[in-house]
Amino acid sequence: MEINPVMLEVFKNKLSAIAEEMGVILQKTAFSPNIKERKDFSCAIFDREGGLISQAAHIPVHLGSMSSSVRSAIENCSFDEGDMVILNDPYMGGTHLPDITVIAPVFIDNSLKFFVANRAHHADIGGVSAGSMPVSTSIFQEGLVIPPVKLVKRGEIDKEIINIIKGNVRTPEEREGDFYAQIMANITGIKRIEELVKRYSLSTVEFYMEKLLEYSEKIMRKRIKDIPDGIYTFEDYMEDDGVGNRDIKISLKLEINDDQAFLDFSDSDPQVNGSINAVRSITLSSVFYVFRSLIRESIPTNDGCFRPIKVITKKGTVVDATPPSAVSAGNVETSQRIVDVVLGALSKALPEFIPSASQGSMNNITIGGKDPDTNKEFTYYETIGGGMGAFAGGNGESAIQSHMTNTLNTPIEALEYAYPFMVTQYSVRKNSGGEGLFRGGDGIIREIKLMTDAEVTVISERRRIPPYGLFGGNPGEIGRNYIITEKGKILKEGKFSVKLKKGDRIRIETPGGGGYGKP
């Protein structure tokens, strides 16, 4: 079969449109504000071996690691038509426990040809603190660990699996509703792929899927070839792990050799007691995100993009943790620092292309308690945006999610409707971006008043070590976390869990981005 450039573009858009439609179904049918409002989910299509074929423009930290989950499901489960497998185990391809992946096979003429999958962040999956993002020292404190297991068998939902999960979480009805939304998203993906095959034939669909992989690989190799050959090093630090360890190094030696990139993180610090450990799939996601961002062309993001990139990690380090290490913050915080390190190394090779450090945190906040109006448990989870780093072409964006996260915020109206909260301030944190020839973007101030007693956990970074500037630019302002009670305003550390009373407030001031060039 000869390649038709027009048809290549048609298939690129048709496949990504299927993943996007899956996302719309998931968002519109989900129960939780975290999925319905913030869109904390991702959808993608995979080949029969679990290789990424196409994705929607969703969450980078999900999408770069989802192939690992699909491959883990393939290795551990047999598939019949109508089956779906769920998993969240970070050591079997997951990220952290609240991110639950649902994987479905696509059979064509009784033969397994593709997979569709989606991953959604559930606002609670059990564990020692509401929201399942605790200041933890073991994965078993973080929630229910789900290995690859069939949630749907030949089209029938396994109620026993649902009941086991519901029996381990604080918000069972919400969890069940979100699972059904994930199932419907996959059903939609399966139908659309079947329609695509019926219209164009299986051989044509498979041919253009392979050509899209080759196309993405070709463009990525060309982009890497444009980077000057050499070895570039960079290191940065996680501030703390929440339980006493400080200044935890992430180190990179990046080698560019013709059209290939080799990234060696072996000199990073050993895994720690707290929850900032990242599993290898998180490190891969962070690396792939950065290199995909180097490409200006509108190419499909698929496994072809990643073929020229080799990542070396050392087992038992903070970037390749081993069980049963705590990992809940590795997904959200350490991933951001890995991005900072990769960009820092690349800035030495591409000084006019790479931005200064962005806020470097997702500023995770979880709140849980009992709603006095419904007398039911609630769990709220949010990541808060901040400042983007400046670059050679201009200032950094202000008050925006950056790098490994790509969610929306929870609008004040939706937040106050769903939870016993009152938002007392939500604004841009003026002048928090670093000065420079171009200024870093400003962070955000988000202050919430509790209308009931509740447990609050905050997992954040860049509260002591600021986001770096480049080429003479100043660093961005560090973030700050406050608890405001009748006794006054108390500055808190970057990672903490506390029980608060009705009327107390939690205030998060997020970091600004680094400046670029001398002011």
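1. How many of the 5 residues of strand β20 (residues 505-509) are buried? In this predicted model, 4 of them are buried, and the strand is accordingly described as mostly covered.

2. Strand β20 has pairing partners that can be followed residue by residue. Strand β15 (residues 443-450) pairs with β20 in the antiparallel sense over 5 bridges, and strand β17 (residues 480-485) is likewise joined to β20 by 5 bridges, running antiparallel to it. E509 of β20 is the bridge partner of I445, and E509 is also the bridge partner of R480.

3. A separate point concerns an open sheet of 4 strands, which follow the order β8-β9-β10-β11 with mixed pairing. Its edge strands, each pairing on one side only, are β8 (230-240) and β11 (309-312), and neighbouring strands are turned against each other by 20° on average when direction is ignored. Within this sheet, strand β10 (residues 260-264) and β11 pair in the parallel sense over 4 bridges, with V311 of β11 as the bridge partner of L263.

4. Helix α6 (residues 202-225) packs on that sheet, where it touches β9 (246-257), β10 and β11, and its direction makes about 75° with that of β10. Helix α7 (residues 280-293) lies across β9, β10 and β11 as well, running at about 145° to β11.

5. Turning to helix packing, the axes of helix α1 (residues 5-29) and helix α5 (residues 172-200) come within 7 Å and cross at roughly 155°, which means that α1 is roughly antiparallel to α5. The crossing of α1 past α5 is right-handed, and the residues of their contact divide into 14 nonpolar, 6 polar and 4 charged.

Note on methods
Residues are numbered from 1 along each chain as its sequence is written. This is a predicted model: local features need pLDDT of at least 70, side-chain atom pairs count only at pLDDT 80 or more; totals for chains, interfaces and linings use all residues. Side-chain values use heavy atoms; hydrogens and water are left out. Axes are lines fitted to C-alpha atoms, for helices over the stretch in contact, and angles run from 0 to 180 degrees between N-to-C directions. Helices (H or I, at least four residues) and strands (E, at least two) are DSSP runs, numbered from the N terminus. Angles under 35 degrees count as roughly parallel, over 145 as roughly antiparallel, 65 to 115 as roughly perpendicular and the rest as oblique. A crossing is left-handed if the near helix is turned anticlockwise from the far one by less than a right angle, and right-handed if clockwise. Ala, Val, Leu, Ile, Met, Phe, Trp, Tyr, Cys and Pro count as nonpolar, Asp, Glu, Lys and Arg as charged, and the others, Gly among them, as polar. Buried means under 20% relative accessible area, exposed over 50%, partly exposed in between (1.4 Å probe, protein chains only). Two strands pair if DSSP finds at least two bridges between them. Contact means heavy atoms within 4.5 Å.
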